[in-house]
Amino acid sequence: MRLKNIKKFRFIATFLLIGTFSISANAHCDTMDGPTVIDGQKSMKENNINYALKWVQPNFEKELKEAFNLSMKVKDLSPESKQIAEKYFFGELVRIHRQGENAPYTGVKPTGTIIDKKVLAADKSIEIGNLSNLENLIEKDKKAELKKRFDQVIALKNFDINNVDAGREYIEAYVKFFKFAEGEEHHAHTKEVHDKKAH
C-alpha cells in the first residue's frame, strides 16, 4: 500500500514540475487568495468535495473527483506530500473551472497577487450585503443591471453546501455579477457590435 502511495506522490510531483503552476494567470478565480482556491482548501480540510465541486460543470465532475481523491490519499504521507497534493488539486480545480468557461488556463497566481479594485469591491459587496463599495466605480448606466445581478447572488447565497445544483446556480449568478462589474461583458458586446459593422 505504501509503495502505491509513493507512486501516486511521484505522479503528482511530476505533474507540478511540468507546469501546473504559472504566475501569468489573469482572472480573479486564478489566484491562491481567490474564492475558487479557498473553496478547494475547505474541501480538503473538511474532506468534502462539494465546496469545490460547485465551481465545475457536471460534465467535468468525474475529472475533479479523481483529482480530489488522489490528492486526499497522498496528502498525509509527509508535510511535503501535503503541500504538493494541495497544489495539484487547486491547480486542477482552477483549470477545470476555466475550461468550463471556455477560458484559457495559465496557472494559479500566488498569494498576495494584486487584484483589481472593482473585484475587491464586488467581493466586499457580497460580504456586507450591499453595493456601497461599488457605487463610485461603476458607470451610472450600468447600475440597474448590476443591482439586478447582485440581488440574484444574494438570493442564492445561503445554499446547502451538499446541494451541488444549488451551489452551481449560485456560482453562475456570482460569475455573471463579477463579469459585469469588471466590464468584461460590456467590452465583449462592444467588440461584437464593432465586428458586425466591420463586415
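Me: Where does tryptophan 55 lie in this protein?
Reply: Tryptophan 55 is in the loop between α3 and α4. Helices here are DSSP runs of H or I with at least four residues, strands are E runs of at least two, and both are numbered from the N terminus. This is a predicted model, where local features need pLDDT of at least 70, side-chain atom pairs count only at pLDDT 80 or more, and totals for chains, interfaces and linings use all residues. Residues are numbered from 1 along each chain as its sequence is written, and side-chain values use heavy atoms, with hydrogens and water left out.

Me: Why is tryptophan 55 called buried?
Reply: Buried means under 20% relative accessible area, exposed means over 50%, and partly exposed is in between (1.4 Å probe, protein chains only). Tryptophan 55 has 6% relative accessibility, so it counts as buried.

Me: What does tryptophan 55 touch, leaving out residues up to four places away in sequence?
Reply: Contact means heavy atoms within 4.5 Å. On that rule tryptophan 55 touches Pro35, Thr36, Asp39, Leu93, His97, Ile171 and Tyr174.

Me: What makes phenylalanine 150 and phenylalanine 177 a tilted pair?
Reply: Rings of Phe, Tyr and Trp (its six-membered ring) pair if their centres lie within 6.5 Å; planes under 30 degrees apart are stacked, over 60 edge-to-face, and the rest tilted. By this rule the count is eight aromatic pairs. For phenylalanine 150 and phenylalanine 177 the centres are 5.7 Å apart and the planes at 50°, so that pair is tilted. It links distant parts of the chain, with phenylalanine 150 in α7 and phenylalanine 177 in α8, 27 residues apart. Phenylalanine 150 counts as buried at 3% relative accessibility, and phenylalanine 177 does too at 0%.

Me: And why are tyrosine 174 and phenylalanine 178 a tilted pair?
Reply: Their ring centres are 4.4 Å apart and their planes at 40°, so the pair is tilted. Tyrosine 174 and phenylalanine 178 are four residues apart in α8, about one helical turn. Both tyrosine 174 and phenylalanine 178 are buried.

Me: Which residues do ring pairs link into a cluster?
Reply: Trp55, Phe150, Phe159, Tyr170, Tyr174, Phe177 and Phe178.

Me: What makes lysine 142 sit over the face of phenylalanine 180?
Reply: A charge sits over a ring if NZ of Lys or CZ of Arg is within 6 Å of the ring centre and within 35 degrees of the ring normal. Lysine 142 is at 4.9 Å from the ring centre of phenylalanine 180, and lies over its face.

Me: How many residues are in the largest nonpolar core?
Reply: A nonpolar core is a set of buried Ala, Val, Leu, Ile, Met, Phe, Trp, Tyr and Cys residues joined through side-chain atoms within 4.5 Å. The largest one has 42 residues, and Leu64, Phe89, Ile126, Leu134, Leu146 and Phe177 have the most contacts inside it. The largest share, 10 residues, comes from α8.

Me: How do you know that the span of α2 is close to the expected one?
Reply: The expected span is 1.5 Å times one less than the number of residues. α2 has 12 residues and reaches 16 Å from first C-alpha to last, close to the 16 Å expected. Its buried residues pack against α3, α4, α5 and α8.
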